[in-house]
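Hi,

Here's the structure I promised to send over. Have a look at it first, then read on for what turned up.

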Amino acid sequence: MAVDLHTHSRFSDGSDGPTEIARAAARAGLTAFALTDHDTLEGIGEAAEAAERFGVGFVPGIELSVEWRTGPMHLLAYGIRPRSGPLQDRLEALRRGRDGRNHAIVSTLNDMGIPIEYEEVAADSGEGATGRPHIAQVLLRMGVVDSVAEAFDLYLARGRPAYHERVRLSAGEATELVHASGGLAVVAHPHTVADNAADFSETFELLADLGVDGLECHYAEYPHELRTTLEGKAHQLGLIATGGSDYHGTYKPSLAVGTGRGDLAVPDAAFDALLSALPDSS
């Protein structure tokens with residue numbers, strides 16, 4: 001049996017609803033899954049109800065973009081529910097920062113001669129939080145690019161001409177807010193925080209000292225050997241070894257719920273460890 005602790009729905013930058021993700025988790029034979037939309041908890045209620053209906057375990061989550069010494073880093077926060085709390089109360093400011101960034105990107109694209117309209121981007125995201133994947137999708141429909149990946153490569157990725165930074169919490173502040181809200185902080189896709197093996201080792205030790213609770217070791221984009229190496233490092237530092245597909249539906253069509261590119265199998269122990277460590281797993 002396996003679990004998937006990293007998925008995204010239409011409430012952030014995925015194409016599927018939470019119910020569809022829960023259904024896919026059940027069809028994949030998963031023991032449990034987590035919904036980890038960017039900067040929003042809007043889909044948690046629907047996901048929890050669907051998980052119960054389909055007989056799949058569930059842990060609520062959210063993915064935060066935070067500032068680390070080498071640049072942006074993502075933290076997965078588990079056990080965070082849509083109610084008042086230190087982190088939950090900061091999400092509105094983070095969403096305003098994301099919205100300001102989206103407007104800046106669209107304005108820059110207009111200045112480059114690309115007549116993209118923000119209203120179409122917002123319509124593409126529907127009721128969810130708008131982000132760069134929605135801008136990329138509109139650029140694809142306009143014929144400006146041939147794929148979402150090309151939109152990022154040419155315009156939207158860090159260092160490209162339409163990229164804009166946005167408001168982020170520091171890694172330390174985010175970790176403190178997660179803990180104060182009754183959750184656990186896990187470093188998402190940790191390859192993004194260091195450049196080589198020595199940097200990885202030092203970075204993970206610093207993050208463990210900072211108070212993070214886990215590392216996303218079983219990540220769909222990683223070869224098996226790297227997953228095993230990261231799991232060993234997590235255990236060495238006393239951190240929970242989690243994992244997931246980073247499913248986004250049609251925005252990342254090569255990734256499936258539970259199995260990633262076909263070879264992912266996040267052990268049940270990852271879900272069990274999260275539940276055991278959460279101060280309130282109800």
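**The largest pocket**

Helix α6 gives the largest share of the lining of the largest pocket, with four residues. Keep in mind that this is a predicted model.

A bit of background: rolling a probe the size of a water molecule over the atoms shows where empty space is left. Here, the largest pocket holds about 1,000 Å³ of space. It's lined by 34 residues, and those closest to its centre are His74, Arg132, Phe152, His189 and Lys252. If you want to find your way around, the elements that give two or more residues to the lining are β3 (57-68), β4 (71-78), α3 (91-111), α5 (132-142) and α6 (148-156).

What sort of residues make up that lining? They split into 11 nonpolar, 11 polar and 12 charged.

**Two packed helices**

Next up is a pair of helices. Two packed helices are described by the angle between their axes and the distance between the axes. For α4 (residues 118-125) and α5, the angle is about 115° and the axes are 9 Å apart. That angle makes α4 roughly perpendicular to α5. The crossing of α4 past α5 is right-handed.

Which residues make the contact? On the α4 side, look for Glu120, Val121, Asp124 and Ser125; on the α5 side, they're His134, Ile135, Gln137, Val138 and Arg141. Sorted by class, the contact of α4 with α5 has three nonpolar, three polar and three charged residues.

Cheers

Technical notes. Residues are numbered from 1 along each chain as its sequence is written. This is a predicted model: local features need pLDDT of at least 70, side-chain atom pairs count only at pLDDT 80 or more; totals for chains, interfaces and linings use all residues. Side-chain values use heavy atoms; hydrogens and water are left out. On a 1 Å grid over the protein atoms alone, a cavity is a set of points where a 1.4 Å probe fits but cannot get out, and a pocket is an open set with protein on both sides within 12 Å along at least five of seven lines; lining residues have an atom within 4 Å of a point. Grid points are joined across faces, edges and corners, and a volume is the space filled by probe spheres set on the points. Ala, Val, Leu, Ile, Met, Phe, Trp, Tyr, Cys and Pro count as nonpolar, Asp, Glu, Lys and Arg as charged, and the others, Gly among them, as polar. Axes are lines fitted to C-alpha atoms, for helices over the stretch in contact, and angles run from 0 to 180 degrees between N-to-C directions. Angles under 35 degrees count as roughly parallel, over 145 as roughly antiparallel, 65 to 115 as roughly perpendicular and the rest as oblique. A crossing is left-handed if the near helix is turned anticlockwise from the far one by less than a right angle, and right-handed if clockwise. Contact means heavy atoms within 4.5 Å.
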